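Please read the following briefing alongside the sequence and the coordinates.

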Amino acid sequence: MEGCLFCQIANKKLKSEYVYEDEKVIAFKDVDPQAPVHILIIPKAHYSSILDVADEEMGIISHIHKVAKKIAKDMGVDEKGFRLINNCGEEGGQSVPHLHFHLLGGRLLGWPPG
């Protein structure tokens, strides 16, 4: 989608510190990390939010979870724990209108989150 920040990152029109890529998703370090490990995992296809993923395309969500598991292991947060977050909509805290998941770890994460 023209003008979408995350589409530009997925298409490598904007540089980022990539940590994972396959044919469906790309993952990169957040530019404003909220934890020692803060990775964003996004589908290469544009979805404004999880609400825009059609039922027949929900496989992308399970693929993102599979990738998150691998990244957590690669980043060394799989054993102590991590948080996988999807913000949806303005009141949910979504600031970029492209489906994305935050993988946070490397410190004790408080609850409730915000």
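E21 lies in strand β1, where strands (E, at least two residues) and helices (H or I, at least four residues) are DSSP runs numbered from the N terminus. This is a predicted model, in which local features need pLDDT of at least 70 and side-chain atom pairs count only at pLDDT 80 or more, while totals for chains, interfaces and linings use all residues. Residues are numbered from 1 along each chain as its sequence is written, and side-chain values use heavy atoms, with hydrogens and water left out.

- Leaving aside neighbours within four places in sequence, E21 is in contact (heavy atoms within 4.5 Å) with K12, I26 and K44.
- Between the C-alpha atoms of E21 and K73 the distance in space is 15 Å, and the two residues are 52 residues apart in sequence.
- K24 is found in the loop between β1 and β2, and at 41% relative accessibility K24 counts as partly exposed.
- When neighbours within four places in sequence are left aside, the contacts of K24 are I42, P43, K44, I60 and H63.
- K24 and S49, which are 25 residues apart in sequence, lie 16 Å apart in space, C-alpha to C-alpha.

**The sheet**

- The 5 strands form an open sheet in the order β1-β2-β3-β5-β4, with antiparallel pairing, two strands being taken as paired if DSSP finds at least two bridges between them.
- β1 (18–21) and β4 (82–85) stand at the edges with a single partner strand each, so one side of each is left without a neighbour in the sheet.
- From one strand to the next, the twist averages 15°.
- The antiparallel strands β2 and β3 are joined by 5 bridges; K29 has I39 in β3 as its bridge partner, and F28 stands opposite L40 in β3.
- Another 5 bridges join β3 to β5, which also run antiparallel, and here I41 stands opposite F101 in β5.
- α2 packs on the sheet, touching β1, β2, β3, β4 and β5, and its direction makes about 155° with that of β3; axes are lines fitted to C-alpha atoms, for helices over the stretch in contact, and angles run from 0 to 180 degrees between N-to-C directions.

**Burial of β3**

- Because 7 of the 7 residues of β3 are buried, this strand is largely enclosed by the rest of the structure.
- In a regular strand the side chains alternate between the two faces of the sheet.
- Both faces of β3 are covered, with V37, I39, I41 and P43 buried on one side and H38, L40 and I42 buried on the other.

**Nonpolar cores**

- A nonpolar core is here a set of buried Ala, Val, Leu, Ile, Met, Phe, Trp, Tyr and Cys residues joined through side-chain atoms within 4.5 Å.
- The largest nonpolar core has 19 residues, of which I39, I41, I60, I71 and L103 touch the most other members.
- Two or more residues of this core come from each of β2 (25–29), β3 (37–43), α2 (59–74) and β5 (101–105), and α2 gives the largest share, 7 residues.
- Apart from this core lies another, of 10 residues, among them F6, C7, F28 and L40.
- Not counting residues up to four places away in sequence, L103 touches V37, H38, I39, I41, A68, I71, A72, V77, F82, R83 and L84.

**The chain as a whole**

- The secondary structure of the protein chain comes to 2 helices and 5 strands, which follow the pattern α-β-β-β-α-β-β when read along the sequence.
- The radius of gyration, taken over C-alpha atoms, is 14 Å, close to the 13 Å that the globule rule gives for 114 residues, so the chain is as compact as a globular protein of that length; the rule is 2.2 Å times the number of residues to the power 0.38.
- Along the principal axes, the C-alpha atoms fill a box of roughly 35 × 30 × 30 Å.
- Of the 114 residues, 39% count as buried.
- Among contacts with a separation of 6 or more, 55% are between residues 24 or more positions apart.

Note on methods:
Buried < 20%, exposed > 50% of the residue type's maximum accessible area, 1.4 Å probe, protein only.
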